[in-house]
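Please read them with the structure open.

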Amino acid sequence: METIDKILVSIKELHRAQAKTDAQLAETGLTLKETAQRLSNIGINLGHVAEEFFYYALKDDPKLGDIRFDRIVLNLHSMNKRIQDEFDIVLFNGDAVGIVEVKHKVHPKDIEKLKTKKVENFRELFPDYADHKYYLGIAGASIPSEVADIAKAAGIAVIRQKGEVAEIEADGLVAY
């Protein structure tokens, strides 16, 4: 009987340990979920910062290469019954559309997606521009040289940060 009692005590201890482990795993799962959400928010914020930076850089001089544009739109959204898409920066003139995809760090897959999926989706979502010429640009806070070479070889404009690209608004500046 003594052996059976020891086994029963061991089983009860095992159940308690398992319950404690389950509670710790649940807490760890919640922490991981919160961490994933924070990282996602950081990524989204970095994307918005990059989009705004390149939008303002292009707004004052709206051109890709020698192609000048009359109008620029930030974060153009559209959807139909089949697809929905967002275009980071879109430039327009009478016969051309410029689509600029903005990434914090550009990867080769971003270029491929721009050339295929983004152009196809734009044509479908904005049929009024079907007869226009499409020019593409890839913009990024970080674009490795080998990735820039891939874009340039495909005839895609590469847009990087450079030099003193900042606007300072200081009307009414006060000394403290």
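This is a predicted model: local features need pLDDT of at least 70, side-chain atom pairs count only at pLDDT 80 or more; totals for chains, interfaces and linings use all residues.

1. Residues are numbered from 1 along each chain as its sequence is written, and side-chain values use heavy atoms, with hydrogens and water left out.

2. The protein has three helices and seven strands (DSSP runs numbered from the N terminus: H or I of at least four residues, E of at least two). Their order from the N terminus is α-β-β-β-β-β-α-β-α-β. Of the 176 residues, 29% are buried (under 20% relative accessible area, with exposed over 50% and partly exposed in between; 1.4 Å probe, protein chains only).

3. Ile 7 belongs to helix α1, residues 2-59. Ile 7 counts as partly exposed because its relative accessibility is 46%.

4. The second largest pocket holds about 170 Å³ of space. A pocket is an open set of points on a 1 Å grid over the protein atoms alone, where a 1.4 Å probe fits, with protein on both sides within 12 Å along at least five of seven lines; lining residues have an atom within 4 Å of a point. The volume is the space filled by probe spheres set on the points, which are joined across faces, edges and corners.

5. Eleven residues line the second largest pocket, and Phe 54, Ala 57, Leu 58, Ile 159 and Arg 160 lie nearest its centre. The elements giving two or more residues to this lining are α1 and β7 (157-160), and α1 supplies the largest share, four residues.
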